[in-house]
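These are my notebook entries from an afternoon with one protein model. I began with the overall fold and then turned to a few single residues.

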Amino acid sequence: GISELRGNGQLVRKDILTNCGSFNENTVTDDLDLSMRLILSQSNIGIFWDPPVMEEAVENISALFRQRQRWAEGGLQRFFDYGRNLINSKLTFVQKFDLIYFFILQYALPIIALVDLIVSLLFLKSPIYWPVSITAFTLSAIASWLGCHKKHEGPILPSNFIKIFLYLIYLSHWFIIIPLVTLKMSIFSKKIIWKKTTHLG
């Protein structure tokens, strides 16, 4: 239904960029923000599956958390900024379903899972929503496995069971970052702080 731009792997035509209002200076993730405005302006987005796009990872865990905090904050902020427009827009049923499903999976599920875990620990009961969390991780594992085995022009990707399992452990950091960022955004007013992450080049 919808597509999401990523800063280091996108090309945008100038006329389409101008038509949807150019880049937003009042966000920490201009690519995610632009994704929403392209959807609202009914712009067509094409996807190239084969070309590899290189991305340099951050150097340590603290830098990773700073980077992901910014991504989470910008990603959630766009739903606050454009939520009403998205509801009242002329998007198709499939597009609206895709957006809602994405929002639940990306932002609501980590919050529900963390609250569920805390409550279960406080009252010494088993978590209620663990089947949903396990399903989300299982789908991520399957998608990663299939993606690693798909024919592509890039380097060989790690695809054995142990490496996929380690990837899922790595993926679980979102279950900490999303709730913390949501809590911060609920308490404090919107403040644009660009936390630049160090890269060696």
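Entry one, the fold. I looked up the secondary structure and found seven helices and zero strands in the protein, where helices (H or I, at least four residues) and strands (E, at least two) are DSSP runs numbered from the N terminus. Reading along the sequence, I wrote the pattern down as α-α-α-α-α-α-α.

I noted that this is a predicted model, in which local features need pLDDT of at least 70 and side-chain atom pairs count only at pLDDT 80 or more, while totals for chains, interfaces and linings use all residues. Residues are numbered from 1 along each chain as its sequence is written, and side-chain values use heavy atoms, with hydrogens and water left out.

Entry two, overall dimensions. Along the principal axes, the C-alpha atoms fill a box of roughly 55 × 45 × 40 Å.

Of the contacts (heavy atoms within 4.5 Å) with a separation of 6 or more, 72% are between residues 24 or more positions apart. I also recorded that 31% of the 201 residues are buried, which is to say under 20% relative accessible area, whereas exposed is over 50% and partly exposed lies in between (1.4 Å probe, protein chains only).

I found threonine 27 in the loop between helix H1 (14-19) and helix H2 (30-40).

Glutamine 42, in the loop between H2 and helix H3 (61-88), has a positive phi, near 60°. With a relative accessible area of 46%, glutamine 42 is partly exposed. Leucine 124 also has a positive phi, near 55°, and I located leucine 124 in the loop between helix H4 (93-122) and helix H5 (130-149). Leucine 124 counts as exposed because its relative accessibility is 76%.
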